[in-house]
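User: I would like to go through this model in questions and answers, with the cut-offs stated.

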2 protein chains.
Amino acid sequence: MPTILDVAEKAGVSRSTVSRVLTNSGRVDPETKQKVLAAMKELNYQPSQVARNLRRKETNLIAVLIPCISNPFFGSLVQGMEEVAVKKGYHVILCNTGEDPVRQMEYLQMLERKQVDGVILTSLRNPLEEVRSYLQHGPIVLVSEYVEDNSLPAVVIDNIKAAERVTEHLILKGHKRIGFINGPEHIILCRDRQKGYIQMLENYEISVSHDLITCSDFTIEGGFACAKQLLALEEKPSAIFAANDEMAVGVIQAVQEQGLRVPQDVAVVGFDNVQVSKVVQPNLTTIDQPIFQLGVKSMELLISCLDGDVLEGKRIVLEANLCIREST
Amino acid sequence: MPTILDVAEKAGVSRSTVSRVLTNSGRVDPETKQKVLAAMKELNYQPSQVARNLRRKETNLIAVLIPCISNPFFGSLVQGMEEVAVKKGYHVILCNTGEDPVRQMEYLQMLERKQVDGVILTSLRNPLEEVRSYLQHGPIVLVSEYVEDNSLPAVVIDNIKAAERVTEHLILKGHKRIGFINGPEHIILCRDRQKGYIQMLENYEISVSHDLITCSDFTIEGGFACAKQLLALEEKPSAIFAANDEMAVGVIQAVQEQGLRVPQDVAVVGFDNVQVSKVVQPNLTTIDQPIFQLGVKSMELLISCLDGDVLEGKRIVLEANLCIREST
DNA sequence: CTGAAAGCGCTTACAG
DNA sequence: CTGAAAGCGCTTACAG
């Protein structure tokens, strides 16, 4: 592989000069520049990114930590991030945590070892203190996740408001016994969705019944199991709100398995508006989460940090609308 | 940030020695080692990966080029790759090409610039010659894609055989007019699926009717449009085989929109066995492609190349079985 | 406008 | 078992 020195020799200049044309910095005589360019072409020269990185103390790499890339929600999120990153001269290192706190910390160490310039987190599985200690090595941005004290910048939707909308929609349709299937409770956005659900019931002076509130794992199977449990209650719910679309699909399957109809016997609402919501029969009423945009904005935010912007505690909130289809 | 020199000073040794304990190479007096370890701990030292990379001329990074990470098929594929990579001390750089040949070449340049040690490609959108010219800079492995001359190692399924199985299954169910909706024809695996379809028709001496063969883009909408076209024929097909599950979902929607039933009026088969195949009603008969395993094997193959194995032209073929459900 | 020199933070023969 | 020295391939003040 030719190095910068080979180019310099071939062009009859010093490597400083080659470097200048490489980085387009400093004044270079146009004629000299042509000679250098010609030499580079002739040798088929490509600068070593690693050497440049060591010198400049940057990597142009961003670590993106997500629970599971085979989940379409995270797929869209990462897609948004990647497009922005490439446009700005960065690349994305994909880090599947499998929700494992240990692996999350291992990936965070990439920041410390100067393997990446910054990190985007989609879920916080470790004490905030510990995560924050990595900030000395580079910026960290949260997406679809945030911390109450705003000590880390975040890009989110208003999950409380979204869940309120869903609940109000069901109430206005005449439902009073509304089941709720939440995701894992350690996730703040799940707690928010539950808050919104409860808040809106209270707004309409509907008593909150705790046997109607269940909790699962964001999978079809999980939603199915919770729905069976809810449908086995003395006083069955006439509507079920699941905290994501996959679980809502499981709910529909459980309802139909009991010989009941959606929405006539049980109305169902999901959350996210991923592809399955338009495939399942009946099509799912859901919250249209701007997944791709969440990815875009989070990467833009991170890169603006890297460019020197200070935005401790900045929180960007995107709009998420209710998308009414056949299941309610 | 502390460097190796800071550690050396604190421990009262040379940086060579620190480096030796860092890399666990060469003989180091146990006592000296303890001193060094203690100094590292005290300074909270982490070696710079970039400096090590420059010196060792490796990056421990793999570029994975895929058309679109928000597609669950590629999500599962990448998940398999990432797990293997991390286990072996590598990280994955995610490269979304959007099927754009120009972007594909740009990403390939990462190999030349020594930003990555190797590349995995899921689709070849550029002349083989050009892609092969990058081999001088590092290994390239294909997955779910291959080249006829085996000049690049590949991990695949036997798409001809799989399509034959599908077609035979339909024939044995009594179907004689079987529509086929293929993916983009420039993709070799699509050409193979079509070959299998035609081959099996010929085996059973069923004439191949070219108005029954259509071609689309692997999306639900694309499958829907092709199905409408097929269903508008004078002699309608009694079964439709789509080259992936998304298009098969579109087929089911088109059939049902016409007031026809699946499978009684039109049987439908997909390909891949992704999540939607179990959500759509009726559940889809499909080819169960070992997606995650394709990812695993391709990364293992690439890393074995990096470890020095020579495997030009190696082709690994995984099993893919027919998964019969309600749509046939 | 251009070059000589130092330095980014490691690793690795080579001596001892 | 340990250290001094060279070097990976760039970039960047500093002189001129």
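This is a predicted model: local features need pLDDT of at least 70, side-chain atom pairs count only at pLDDT 80 or more; totals for chains, interfaces and linings use all residues.

User: Which residues come nearest to DNA strand C?

Analyst: A residue is near a strand if its C-beta atom, placed from the backbone, lies within 6 Å of it. There are 27 residues around DNA strand C. Those that come nearest are S16(A), R27(A), D29(A), T32(A) and I4(B).

User: Which element gives the most to the surface near DNA strand C?

Analyst: Helices (H or I, at least four residues) and strands (E, at least two) are DSSP runs, numbered from the N terminus. Two or more residues each come from α2 (15–23) and α4 (49–56) of chain A and from α2 (15–23) and α4 (49–56) of chain B. With six residues, the element that gives the most is α2(B).

User: How many residues of the surface near DNA strand C are charged?

Analyst: Ala, Val, Leu, Ile, Met, Phe, Trp, Tyr, Cys and Pro count as nonpolar, Asp, Glu, Lys and Arg as charged, and the others, Gly among them, as polar. On this surface eight residues are nonpolar and eleven polar. The charged residues number eight.

User: Which element gives the most to the surface near DNA strand D?

Analyst: Of the 27 residues around DNA strand D, I4(A), S16(B), R27(B), D29(B) and T32(B) come nearest. At least two residues each are supplied by α2 and α4 of chain A and by α2 and α4 of chain B. The most, six residues, come from α2(A).

User: What does UniProt list for residues 2–56 of chain A, and what is the helix content there?

Analyst: The unreviewed UniProt entry lists this stretch of chain A as "domain: HTH lacI-type"; UniProt positions are given in the numbering used here, feature names are shortened, and annotations may be inferred rather than shown by experiment. The end C-alpha atoms of residues 2–56 of chain A are 21 Å apart.

User: Which element gives the most to the side of chain A that touches chain B?

Analyst: Residues are in contact if their C-beta atoms, placed from the backbone, lie within 7 Å, and here 36 residues from chain A and 36 residues from chain B take part. On the chain A side, two or more residues each come from α4, α5 (72–87), β2 (91–96), α6 (101–112) and α12 (276–279). With seven residues, the element that gives the most is α5(A).

User: Which residue of β2(B) stands opposite I93(A)?

Analyst: Two strands pair if DSSP finds at least two bridges between them. β2(A) and strand β2 (residues 91–96) of chain B run antiparallel and are joined by three bridges. Opposite I93(A) stands I93(B).

User: Why is one side of β7 and of β9 in chain A left without a neighbour in the sheet?

Analyst: The open sheet of four strands in chain A has the order β7-β6-β8-β9, with parallel pairing. β7 (213–215) and β9 (267–269) of chain A stand at the edges, so one side of each is left without a neighbour because each has a single partner strand.

User: At what angle does helix α8 of chain A run to β8(A)?

Analyst: Axes are lines fitted to C-alpha atoms, for helices over the stretch in contact, and angles run from 0 to 180 degrees between N-to-C directions. Helix α8 (residues 159–172) of chain A lies across β6 (178–182), β8 and β9 of chain A. Its angle to β8(A) is about 170°.

User: Which residue is the bridge partner of L142(B) in β5(B)?

Analyst: β4(B) and strand β5 (residues 154–157) of chain B pair in the parallel sense over two bridges. The bridge partner of L142(B) is A154(B).

Terms used
Residues are numbered from 1 along each chain as its sequence is written. Chains are lettered from A and ligands numbered from 1 in the order in which they are written. Two residues are in contact if their C-beta atoms, placed from the backbone, lie within 7 Å.
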